[in-house]
Amino acid sequence: MSTHHASATTTTQTLTRRLPAVVHPDPVPLVTGELVEYAPLDHAASTPALEAVVRAVDTVTRTYSSVHRGTGWLSRVTSAHYEAAREEVARFVGARADDVVVFTRATTDATNLLARALPDGTPVVVFASEHHASLLPWPAERTHRLPVPASPAEALGRLESTLSGLADGPAPLVVVTGASNVTGELWPVEQVVAVARRYGARVLLDAAQLVAHRRVDLAALDADWVAFSGHKLHAPFGAGALVGRRDWLDAADPYLAGGGASAAVSEASTTWTTGAARHEGGSPNVLGAVALAAACATVRRHRGALEAHEERLTRRLVEGLRAVPGVRTHSVFGDDHDRVPVVAFTVDGLDSGLVAAALSAEHGIGVRAGKFCAHLLVDALLARDPKRPHATAVRASAGLATTDEHVERLLAAVADLAAHGPRVAYRRDETHGWVPVEDARAADVPLPW
Ligand SMILES: Cc1ncc(COP(=O)(O)O)c(C=O)c1O
């Protein structure tokens with residue numbers, strides 16, 4: 001008996017300590033034509049799919065039929081898949097029993113949905129450091145933008161004084177990111193919620209950069225809504241979610257008027273449904289919802305292993321980049337602040353777009369350069385540099401699919417670039433940015449159909 005018990009325990013521990021499998025792309029070509037393993041350091045933009053997600057999508061692709069209103073057996077199966085996906089998403093973010101899970105296209109769609117559901121006159125308080133998806137959907141005349149803070153204490157102080165100035169009006173909405181998509185730094189969301197609660201404000205947590213790396217517990221956090229995207233959580237594009245309180249959503253006009261959102265229609269009037277269906281008009285994205293749920297379930301089971309893996313990568317990435325002469329890392333609260341594995345940096349004397357192009361063409365490394373749809377934050381960070389030589393930054397973002405070798409390759413490549421510049425000649429192209437002058441890679445990528 002005891003042996004049996006011990007081996008069952010071991011199996012469980014082995015399962016949860018292992019990293020879940022992600023898809024491995026074919027080797028990618030360098031500018032020389034040589035093939036190398038791709039180094040995925042662009043997780044903050046989009047993440048490679050989990051094998052479990054590919055399997056789930058394959059299964060549903062082979063079985064799907066109409067959802068919700070069909071009477072055939074496969075309609076029943078498909079409807080069950082779709083509603084089970086909703087339950088998994090709720091579990092994944094620690095939703096309260098009466099919260100609603102609305103499937104959206106992604107985070108941007110989720111924040112815009114909530115913006116449409118804002119009760120009349122609701123002021124919105126948001127930090128300028130937000131991603132544009134959380135910065136821009138709100139009515140301009142009622143939005144209070146707080147400047148990029150230099151410390152969590154400053155952020156909380158500014159929030160408190162703004163909310164206290166709004167205390168006599170309708171309850172505000174506070175929008176806050178869980179982790180910055182530029183610097184990876186964690187925002188003090190527990191304290192933000194505590195301040196908001198003191199003033200009766202509601203809170204939307206933009207967890208687009210958080211859910212792949214840290215557990216979110218909406219109920220424990222006492223935030224009102226959370227928004228996130230499947231393609232940043234190892235599921236493909238096209239599905240995300242807005243999860244949280246149903247009152248504002250039920251009181252709002254349907255996001256898309258049509259079938260599913262309507263309960264009864266007569267010549268004289270239309271009665272709209274409530275709950276998720278009110279804002280999921282039209283035939284739903286069942287494959288996207290299933291992919292998202294498969295990613296949630298898999299990440300949830302492997303969270304411990306994932307966090308340990310990423311803690312090591314984050315430390316090496318931050319310390320390694322900081323140690324390269326001529327490289328500057330950029331942070332809101334300081335390089336030692338807790339963060340997910342995302343680092344923004346610049347290389348003295350080199351345009352950030354050129355650095356990113358050279359990392360890809362000469363080393364097979366995928367990063368991103370620019371302002372990362374967070375223009376105000378990147379401008380503020382780069383303005384802290386007294387010489388202000390850069391208009392944009394490079395962002396390296398690691399995760400589940402990143403290995404130690406990928407990080408070491410990046411650090412060696414950045415050090416080489418900082419010391420010697422690119423090894424081949426580049427020119428700037430209006431459409432593609434920096435491209436090698438001579439390139440052995442095929443101009444056209446093979447299409448998957
Ligand atoms: C913090 C944050 N919020 C929102 C978004 C928008 O996500 P999506 O493009 O999936 O709508 C992103 C995407 O980069 C993000 O990083």
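**Exercise 1.** Describe how domain 1 and domain 2 touch.

Start with the contact: 25 residues of domain 1 meet 25 residues of domain 2, where contact puts the C-beta atoms, placed from the backbone, within 7 Å. On the domain 1 side, helix H11 (303–322), strand E14 (342–347) and helix H13 (375–383) each supply at least two residues. H13 gives the most, with four residues. Helices (H or I, at least four residues) and strands (E, at least two) are DSSP runs, numbered from the N terminus.

Before going on, some ground rules. This is a predicted model, in which local features need pLDDT of at least 70 and side-chain atom pairs count only at pLDDT 80 or more, while totals for chains, interfaces and linings use all residues. Residues are numbered from 1 along each chain as its sequence is written.

**Exercise 2.** Work out which strands stand at the edges of the open sheet.

First, write down the order of the seven strands: E4-E10-E9-E8-E7-E5-E6, with mixed pairing. A pair needs at least two DSSP bridges between its strands. Next, look at the ends: strand E4 (100–104) and strand E6 (143–146) each have a single partner strand, so one side of each is left without a neighbour in the sheet.

**Exercise 3.** Find out how E4 is joined to strand E10 (residues 240–244).

Count the bridges: there are five, and the two strands run antiparallel. Then pick out one spot, where Val102 sits opposite Leu242 in E10.

Note on methods
Two residues are in contact if their C-beta atoms, placed from the backbone, lie within 7 Å.
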